[in-house]
Amino acid sequence: MIELDSSYDCLVIGAGHHGMILSSYLARSGLKVALLERRLMYGGGLATSEVTQPGFYHNLHSINHFEISNAPWFKDLGLDRRVKYITPRYEFGQAHLDGTALVFSRDLEETVANMARFSRKDAETFRKWNARAEEMTAKILMRERFAEPMSQAEREGLLSRTEIGREFLEICQRQPLDLVEELFENEHIRLLFLFKVSLFGTWLTDTMSKTSPMGSVVRAFDLQSGYQLCEGGSFNLARGLMESFIAAGGTYVPQAAIERIVVEGGRATGVELSDGRTIRANQAVVSTLNVHQTFEQLVGREQLPTTFSSKLDKFNYTDWTLFGVHFALNETPRFTAASFDPNIERCQKWSLGAETMEDLVSAFEDVKANRPPRIIQFGSGALSMIDPTQAPPGKHTTYAWHVMPYDPDLSGRDHESWKAEFSDQIIETFRKYCPNMTKDNILATHTYTAKEYYQELPNMHRGDIFMGTFSSDQVMYNHFGYRSPIPNLYYAGSGSHPGGGVSGGSGYIAAGLIAKDLDIKPWWTPYDARASLESLAS
Ligand SMILES: Cc1cc2nc3c(=O)[nH]c(=O)nc-3n(C[C@H](O)[C@H](O)[C@H](O)COP(=O)(O)OP(=O)(O)OC[C@H]3O[C@@H](n4cnc5c(N)ncnc54)[C@H](O)[C@@H]3O)c2cc1C
């Protein structure tokens, strides 16, 4: 291990994007910061590697990054000088076995025209909802995403002062499934909206039939904010963040085997490593791991008040994971449906395999019953078409993510042979939509399941990519919280608002709170949810 000083101002645990964002803000505030990571490689869920053949860059974890280049931390940390994000014109596409395809563009008129080929009525309904949704996203959702949540009473009080706020609150009460079924008559349109609202690549069993105070359902209807691709692969965001941290004078500590967070005199004072060394933190210890790793394993229940322990007991993880297949290709997937709409071949996110609402629900039921879904349906995307640097010149990459239980009942089959067979089933389904997904065209594949990513990232509890469900009792004013009952100990991981996924939110928000607690005048202007909601009335 690298040589370390015996004390720092702040120790940050976990060099995923949350840890790196937080560390950069603190280091740029003049604090002496060490960022401790279990693995050799930093980045966590921002991983890109040549797992199939040289020159094919596969993003093994996150691929679709929501509106990153407009995130406050991306701007504050000057990341546009180090990292490039591509905003594709065609964000979502769904091909159908009848040879048609539905494509959502960033352009309203184009999307409305595409929808009208399936249902004029639905297209007009969408147009009406879109205008309102764009405003809600810009004025409420994106502002709250990067600010410490207010109490329910205060938030609802402020929102109910204005028409847009009241409408937003009303939408928060709606279940995505019911709303989509009520608004739209066409099955294909309903399906693509559910795919869009489910965050990425798959639907979420936790949110599809429940309400969310976050109001994420609004995102089904806006077009202006959406998913982007990190040029060259997702790891480039991690690289940019690490460069920014190092440039600010921070110390990166890879292969840190942390035994425990040291609590002395009731305060967090450092961490103890497995080689017996203790590294001191004079001002703050911050964890970006999952909440149980942090408070059960590293702190210990005996140090925690019982009310906090029962909060830990109630904290839930998702019961679905992702089964991934990464492809190195000669040709990009060519769709039969391209003769209906050629832009299907340029979408960042494809929904393939679910042709009806029953198909979608069957996958939900299979996961709940702990068996591999019987109707193959997955998320994918035209990665190297949008970003040619992710493959050698003239070659291509794509992927398939399929929803899956963590440890499905395989009726005695061994895991490896089942993995190979399930990958083949995915390829077979892919070929129904893209006849060129043949053995000749597929140069190599790499199958990557929750077993692998949980081993690499033990914070992704039993394959939960979000490290906590987005259920209403765990989001917004019910989130886990950034401050802990132990002075100087903070939590800035995915269990806190705005939750999992690559948003950077909890690292960014925690930086503002820690600066405040340490009496440091922030060099940036932290987002303030109260001010944003108050300004709705002006
Ligand atoms: C297959 C897959 C696909 C995904 N797709 C998307 C997507 O398209 N879009 C999206 O937004 N999100 C996606 N995600 C989710 C996204 O990757 C995570 O939500 C995100 O990485 C969370 O960031 P984080 O910083 O909280 O945690 P992480 O990125 O997981 O970083 C945590 C870090 O802590 C380290 N660590 C763990 N234990 C210890 C320990 N004991 N001591 C020290 N360090 C430790 C880990 O090694 C890791 O580097 C996907 C995830 C997976 C697995």
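**Ligand site and a helix pair**

An oxygen atom of the ligand lies 3.5 Å from a polar backbone atom of Gly-44, a polar contact being a pair of N or O atoms within 3.5 Å. The model is predicted, and local features need pLDDT of at least 70, side-chain atom pairs count only at pLDDT 80 or more, and totals for chains, interfaces and linings use all residues. Residues are numbered from 1 along each chain as its sequence is written, and side-chain values use heavy atoms, with hydrogens and water left out.

**Ligand surroundings**

- At Gly-45, a backbone N or O atom is 2.8 Å from an oxygen atom of the ligand.
- A polar backbone atom of Asn-64 lies 2.8 Å from a nitrogen atom of the ligand.
- On its own the ligand has 990 Å² of accessible area, of which the protein covers 96% (Shrake-Rupley method, 1.4 Å probe).
- There are 34 residues around the ligand, and His-18, Glu-37, Asn-459, Gly-501 and Val-502 come nearest (a residue is near if one of its heavy atoms lies within 4 Å).
- This shell has 16 nonpolar, 15 polar and three charged residues; Asp, Glu, Lys and Arg count as charged, Ala, Val, Leu, Ile, Met, Phe, Trp, Tyr, Cys and Pro as nonpolar, and the others, Gly among them, as polar.

**Helices 4 and 6**

- Helix 4 (residues 120-145) packs against helix 6 (residues 163-172) at about 90°, with the axes 10 Å apart (helices are DSSP runs of H or I, at least four residues, numbered from the N terminus; axes are lines fitted to C-alpha atoms over the stretch in contact, and angles run from 0 to 180 degrees between N-to-C directions).
- The two helices are therefore roughly perpendicular (65 to 115 degrees).
- Residues in contact (heavy atoms within 4.5 Å) include Trp-129 and Arg-132 in helix 4 and Phe-168 and Ile-171 in helix 6.

Terms used. Polar contact = N/O pair within 3.5 Å; in protein donor to acceptor, adjacent residues only side chain to side chain. Parallel < 35°, antiparallel > 145°, perpendicular 65-115°, else oblique.
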